[in-house]
Amino acid sequence: MFLYLSKLLPLFFYPLGLASVSLVVALITVWKQPRTATAAIAFSLSLLLFCSNAWVAKALVRSLEWQNLPPQQMPNAEAIVVLGGATKSAFFPRPDVDLSEQGDRVIYAAQLYRQKKAPLIITSGGRVEWRNGGTPESTDMASILTEIGVPPQAIIQDPDSLNTYQNAVNVKKILQSRGIEKVLLVTSSMHMPRSLKIFQRQGIDATPAPTDFLVTQGELQELGSTPKAALLNLLPDTDNLHQFTSALKEYIGSFIYSLRGWL
């Protein structure tokens, strides 16, 4: 039940969901309470304009992504743990497993393995049934890893975890069974602050190995590089709204996880 509520309830706090609720209020009150309806419409419009401009969206994303910047020289460890959320199952008409927007996680884990930073890769992630099911993400990630040259015997799967907390709990069992103490934790940079705290709360000695950065120094410089650029970046954009929502999701997730005592 917690899994479903944790996925459903936050939708009403994201910009699009909150704006939609506000517009429903406006629709209900437009005839008998026009002032309320006008305020609700103004709130929805202001919210979407604020959350979909590049200045605000990239600032919020940066506040998460830059908390755990990668070191110039990544240390060695005993295993590489790569978290799910990076693949799409091979449903028709896909010919094979696809990488999602967060697919950098899988590629980076393979790169670290090929750099001999650790002799094992642990893929962690199942599939939520009401999200079309399919093979576990751990299996899909393992499939891609083997296709790009990682030997199957170097891959360990955790196919049962459905959220980041379960990732940490299940990975800890794998580590204890194999006597592994130090790992490199690979996930998207925006997801890293919450993930790292959860793994450390489980007593896992995890070094952050973030990837999939959405905000770079160059992009920040471009925001105000010219007066025209500064103005254009204030205009609403769906990509900016998506980035803002993703970052907000992480902050809400951290809040919920802290209430549960998982951080």
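**Leu185 and its surroundings**

Tutor: Leaving out residues up to four places away in sequence, Leu185 is in contact (heavy atoms within 4.5 Å) with Val81, Leu83, Met192, Ser195, Leu196, Phe199, Ala206, Thr207, Pro208, Ala209 and Pro210. The model is predicted, so local features need pLDDT of at least 70 and side-chain atom pairs count only at pLDDT 80 or more, while totals for chains, interfaces and linings use all residues. Residues are numbered from 1 along each chain as its sequence is written, and side-chain values use heavy atoms, without hydrogens and water.

Leu185 sits in strand E6, residues 182–188; helices (H or I, at least four residues) and strands (E, at least two) are DSSP runs numbered from the N terminus. Leu185 counts as buried because its relative accessibility is 0%, where buried means under 20% relative accessible area, exposed over 50% and partly exposed in between, with a 1.4 Å probe and protein chains only. From Leu185 to Ile198 the C-alpha distance is 11 Å, at a sequence separation of 13 residues.

Two of the partners of Leu185, Val81 and Leu83, fall within strand E1, which spans 79–83. Strand E1 is also one of the elements against which the buried residues of helix H6 pack. The others are strand E2 (87–88), strand E3 (98–99), helix H5 (104–114), strand E4 (121–124) and strand E5 (155–158). In H6, residues 137–147, the buried positions are Glu137, Ser138, Asp140, Met141, Ala142, Ile144 and Leu145. After H6 comes Gly149, with a positive phi near 110°.

Elsewhere, helix H4 (residues 54–65) and helix H11 (residues 238–260) cross at roughly 35°, their axes coming within 8 Å; the axes are lines fitted to C-alpha atoms over the stretch in contact, with angles from 0 to 180 degrees between N-to-C directions. This crossing of H4 and H11 is left-handed, meaning that the near helix is turned anticlockwise from the far one by less than a right angle. Residues that meet there include Val56, Leu60 and Leu64 of H4, and Phe244, Leu248 and Tyr251 of H11.

For the whole chain, the count is 11 helices and seven strands. Of its 263 residues, 45% are buried. Among contacts with a separation of 6 or more, 71% join residues 24 or more positions apart. The C-alpha trace spans about 65 × 45 × 40 Å along its principal axes.
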